[in-house]
Amino acid sequence: MASLALTSPPGVKIPSYLASSSSSLFSRSSISFSTTQSRSLISFSGAAKCNLPKALNVGNGNARVPIMNETTIPKFFDSSRLEKSVSRTNTKLKLFSGTANPALSQEIAWYMGLELGKVSIKRFADGEIYVQLKESVRGCDVFLVQPTCTPTNENLMELLIMVDACRRASAKKVTAVIPYFGYARADRKTQGRESIAAKLVANLITEAGADRVLACDLHSGQSMGYFDIPVDHVYCQPVILDYLASKSISSEDLVVVSPDVGGVARARAFAKKLSDAPLAIVDKRRHGHNVAEVMNLIGDVKGKVAVMVDDMIDTAGTIVKGAALLHEEGAREVYACCTHAVFSPPAIERLSSGLLQEVIVTNTLPVAENNYFPQLTILSVANLLGETIWRVHDDSSVSSIFL
């Protein structure tokens with residue numbers, strides 16, 4: 001994976017198209033596959049179809065969807081900014097990266113045709129964080145890319161200090177781009193005397209001086225209401241859906257599975273895009289944090305290809321126990337799809353145990369090379385984030401990307 005200094009992994013050369021501005025990753029399509037056989041293949045509407053000239057190998061045996069620049073936005077990304085002929089060399093838009101996921105930040109910058117802003121981020125001997133912007137942001141629309149992933153508190157504090165630095169440097173607007181919003185699972189009280197940490201973190205970001213938040217696949221939609229500033233919610237489903245469509249699985253063999261009752265709405269929306277596939281639900285009883293026990297399966301998966309859909313994989317207890325149950329119930333293959341690859345121990349051991357045909361995640365969080373395993377596939381969401389940033393900057397519609 002690329003670093004902030006644009007170095008590539010051993011044996012992997014950064015393709016020339018990443019530095020060009022003539023390629024296009026997405027084309028608008030209402031995707032449908034036809035066959036002379038009696039059974040139809042997966043089809044879904046209103047999603048993005050990837051045009052991949054070449055796969056970028058990340059060393060784990062699977063292809064990672066590459067990101068490419070584009071100066072001519074395809075119809076899939078039609079927006080009012082095309083009519084306004086906004087220049088992508090607009091010096092009033094500044095993009096800065098924290099230290100949590102510099103590779104994703106660089107891919108976003110490639111897509112947007114911009115250079116990442118220069119910033120100095122250091123740690124003092126006692127652990128305190130120091131941030132200094134190395135270029136002027138006076139009167140600029142500033143976007144700070146920083147997921148609050150492990151180490152969660154370090155990255156959250158770094159984001160807050162970056163926001164404060166931009167505010168004190170007279171930035172016109174400051175948007176916190178948070179691909180993964182930590183503490184999102186602490187969004188309600190399930191027992192007495194518990195905190196609602198998601199609301200607390202929202203308050204911290206707001207009080208630090210952020211004018212807007214851009215987040216990917218929040219654990220629950222209600223978290224948007226915890227902010228007293230606008231929140232743009234980016235759904236990463238199109239990237240995963242398009243990858244699944246490229247596998248040409250028969251629609252009659254497909255079933256979408258929610259790993260718990262709380263994820264039914266997410267799984268139902270996912271199934272609707274996959275030829276309105278049938279839905280199954282795993283009834284899960286949790287006895288403690290990060291401890292799950294599968295109790296029952298609602299729905300039929302016998303002889304089917306089961307696609308489990310969740311917003312994140314943490315310790316993988318839910319996904320793996322659900323996969324075991326699906327195999328017991330006669331599922332032919334089991335795929336796991338999620339946006340956020342948290343991968344807390346012992347997730348890697350569980351996911352690579354052989355129960356899952358493939359684990360499909362996105363790069364909202366950095367995945368360390370020592371956490372790669374043969375079944376892992378990483379898809380990039382940099383194009384979605386880059387396009388959303390442009391639309392926010394141009395005061396164009398964001399929701400139309402996903403309609």
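The accessible surface of the protein chain comes to about 17500 Å², and carbon and sulfur atoms account for 51% of that area. The model is predicted. Of the chain's 403 residues, 55% count as buried. Nine helices and 18 strands make up the secondary structure of the protein chain. When contacts between residues at least 6 apart in sequence are considered, 68% of them join residues at least 24 apart.

Among the strands, five form an open sheet with parallel pairing, in the order S5-S8-S9-S10-S11. Strand S5 (93–97) and strand S11 (231–234) stand at the edges; each has a single partner strand, so one side of each has no neighbour in the sheet. From one strand to the next, the twist averages 20°.

Within this sheet, strand S9 covers residues 173–178 and strand S10 covers residues 212–216, and the two pair in the parallel sense over four bridges. Ile178 stands opposite Ala215 in S10. Helix H9, residues 382–393, lies across S5, strand S8 (141–145), S9, S10 and S11. The helix runs at about 155° to S10.

The side chain of Asn363 makes a polar contact of 3.3 Å with the side chain of Glu107.

Key:
Residues numbered from 1 in each chain as written. Predicted model: local features only at pLDDT ≥ 70, side-chain atom pairs only at ≥ 80, totals over all residues. Heavy atoms only, no water. Buried < 20%, exposed > 50% of the residue type's maximum accessible area, 1.4 Å probe, protein only. Contact = heavy atoms within 4.5 Å. Areas by Shrake-Rupley, 256 points an atom, 1.4 Å probe, with all protein chains shown as cover. Polar contact = N/O pair within 3.5 Å; in protein donor to acceptor, adjacent residues only side chain to side chain. Pairing = 2+ DSSP bridges. Axes fitted to C-alpha atoms, helices over the stretch in contact; angles between N-to-C directions.
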